[in-house]
Amino acid sequence: MCDRAGIGAVWVDDSAPAGPPPGSTGPDPLAGLRELASVVTRARLGAMVAASGPPPVLDGLPAGRLELTLLGDAREGADRLRAGFGDDRARPTLAVEVGDPERLGRERLAWLAGVADDVLVRAADVDRVAEQARALRAAFELAGRDPASLGVAVRLPVSIGRTVAEAAARWDAEPAFAGLGPPAQAGVFGTLEHCHERVIALAHAGVTDLRCVLPGAPDIHDV
């Protein structure tokens, strides 16, 4: 379905520490992606994993279509991960989660500018996401990174309906959305036209990748 619909990437959000490789005991945060790799043939495959764990094992995954995002204090984890990539031509795209750009500091900005292909913006509401995306691009430019080379991703809940009431019903039926606040502020919400306007505003703010957290509705195909 994702390939037919033109979805750019399918993400698995597993922030538990990375475990042993397939076939051994213990958790494997990329197990879901290994199942998807043989089914999703066009879209890129992404995983959000905890930076505090050991580097995830990439065996059995198509490196050319693979994206990894490190969550949390990612500096040590990112350095370990890049050291294990080997041939840079085959390495996955690496993104690092960031908080408020004003609190990053010059040293961390310089490190991020040299290490991260993309950044994942951490914010509580969509307006704040747009503000942080603009600030990050400006900060990276001051750190010597071409803003055009930087991908800025956001992870937001999404609920679309033919009417606002339908979108609200889908939002309310998803337990994971319960504590996020008003849906129009916390995510991409409303009719298709409302959501188009929201996504265009994010794009104008410098956001390049939208990671949609969809409600577990019975009619998820329609969403």
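These questions and answers concern a predicted model of one protein chain.

Q: How many helices and strands does the chain have?
A: In this predicted model, both kinds of secondary structure occur in the chain. The count comes to 8 helices and 8 strands.

Q: What percentage of the residues in the chain is buried?
A: The chain has 223 residues. A residue counts as buried when its relative accessible area is under 20%. The buried part of the chain is 43%.

Q: Is Ala-153 buried or exposed?
A: Ala-153 lies in strand 6, which covers residues 151-160. Its relative accessibility is 1%. Buried means under 20%, so Ala-153 is buried.

Q: How far apart are the C-alpha atoms of Ala-153 and Val-121?
A: Along the chain, Ala-153 and Val-121 are 32 residues apart. Leaving aside neighbours within four places in sequence, Val-121 is among the residues in contact with Ala-153, as are Asp-209 and Arg-211. The separation of the C-alpha atoms of Ala-153 and Val-121 is 6.2 Å.

Q: Why does Thr-69 count as buried?
A: Thr-69 belongs to strand 3, residues 66-71. The cut-off for buried is under 20% relative accessible area. Thr-69 is buried because its relative accessible area is 0%.

Q: Which residues does Thr-69 touch, not counting those up to four places away in sequence?
A: Thr-69 is in strand 3. A contact requires heavy atoms within 4.5 Å. With residues up to four places away in sequence not counted, Thr-69 touches Trp-11, Ala-47, Met-48, Val-49, Ala-95, Glu-97, Leu-120 and Arg-211.

Conventions. Residues are numbered from 1 along each chain as its sequence is written. This is a predicted model: local features need pLDDT of at least 70, side-chain atom pairs count only at pLDDT 80 or more; totals for chains, interfaces and linings use all residues. Side-chain values use heavy atoms; hydrogens and water are left out. Helices (H or I, at least four residues) and strands (E, at least two) are DSSP runs, numbered from the N terminus. Buried means under 20% relative accessible area, exposed over 50%, partly exposed in between (1.4 Å probe, protein chains only).
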